[in-house]
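The sequence and coordinates come first.

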Amino acid sequence: MPTLLPLAFALGVPTPRPLPVPAAPVRVVRAWPPPGADPSRIWIEGVSSGPLGRAPDRLFERIFRQRLAAELGRDAADPTFRGIVDLARALVAERGPDVALASRRVLNECFPDWPPVAARRLLPASVCGDVRATGRKGLLFWFEVLFARPFPAFSGRLNAWVTSWAAQWLMGPCSLEGLAPEDLSELVFLILSLF
């Protein structure tokens with residue numbers, strides 16, 4: 001079943017309507033990869049890479065791990081992707097009901113503080129709004145001002161496209177569905193691998 005990744009919500013981008021969450025049964029997998037898995041969707045750590053190549057994948061993985069470790073105040077002993085999984089589990093266990101806020105802080109810290117939010121003085125206050133209210137910095141603030149608010153459907157599709165290109169190190173091989181330019185009212189589905 002396709003997994004809906006509400007990218008706009010994860011980044012705090014306003015959406016034109018609530019995103020439905022598909023009901024999916026929870027399945028405990030005791031073997032990895034699961035029996036009968038599509039071998040073309042298996043991600044081999046240190047070998048596989050997304051469309052941008054292995055070097056950008058390593059960079060994004062390192063930045064994400066550093067921000068996750070900074071949020072927890074410690075790093076995991078395992079230097080592989082398993083260490084990131086251990087950090088994510090620790091974040092969930094330690095933050096409990098506040099895990100969504102902590103996760104958003106981790107994601108926000110992964111983006112550069114450029115262009116500076118101070119450049120908002122170049123635009124009218126009615127366009128930028130109150131920076132303190134958004135809690136965003138640099139790139140995320142300007143993405144919201146220039147794309148998400150005026151073009152929510154386009155920004156959702158742009159988020160999905162960028163994620164499919166730049167985050168396969170995190171999700172594994174993935175593909176996009178529902179990107180027909182003539183129908184901007186539909187949701188974008190990011191089909192994720194199970195690995």
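The model is predicted: local features need pLDDT of at least 70, side-chain atom pairs count only at pLDDT 80 or more, and totals for chains, interfaces and linings use all residues. Residues are numbered from 1 along each chain as its sequence is written, and side-chain values use heavy atoms, with hydrogens and water left out.

Helix α4 spans residues 99–109 and includes Arg105; helices are DSSP runs of H or I, at least four residues, numbered from the N terminus. Buried means under 20% relative accessible area, exposed over 50%, and partly exposed in between, with a 1.4 Å probe and protein chains only.

| Residues of α4 | Class |
|---|---|
| Ala102, Val106, Asn108 | buried (under 20%) |
| Ala100, Leu101 | exposed (over 50%) |

The buried residues of α4 fall within an arc of 165° seen down the helix axis, so they line one face; the arc is that of the directions from the axis to the C-beta atoms. They pack against α2, α3 and α7 (138–148).

Arg105 is partly exposed, at 41% relative accessible area. Beyond four places in sequence, Arg105 is in contact (heavy atoms within 4.5 Å) with Glu71 and Arg95.

The largest nonpolar core has 16 residues, and Phe64 and Trp169 are among those with the most contacts inside it. Such a core is a set of buried Ala, Val, Leu, Ile, Met, Phe, Trp, Tyr and Cys residues joined through side-chain atoms within 4.5 Å.

Definitions and conventions: Helix = DSSP H or I, 4+ residues; strand = E, 2+ residues; numbered from the N terminus.
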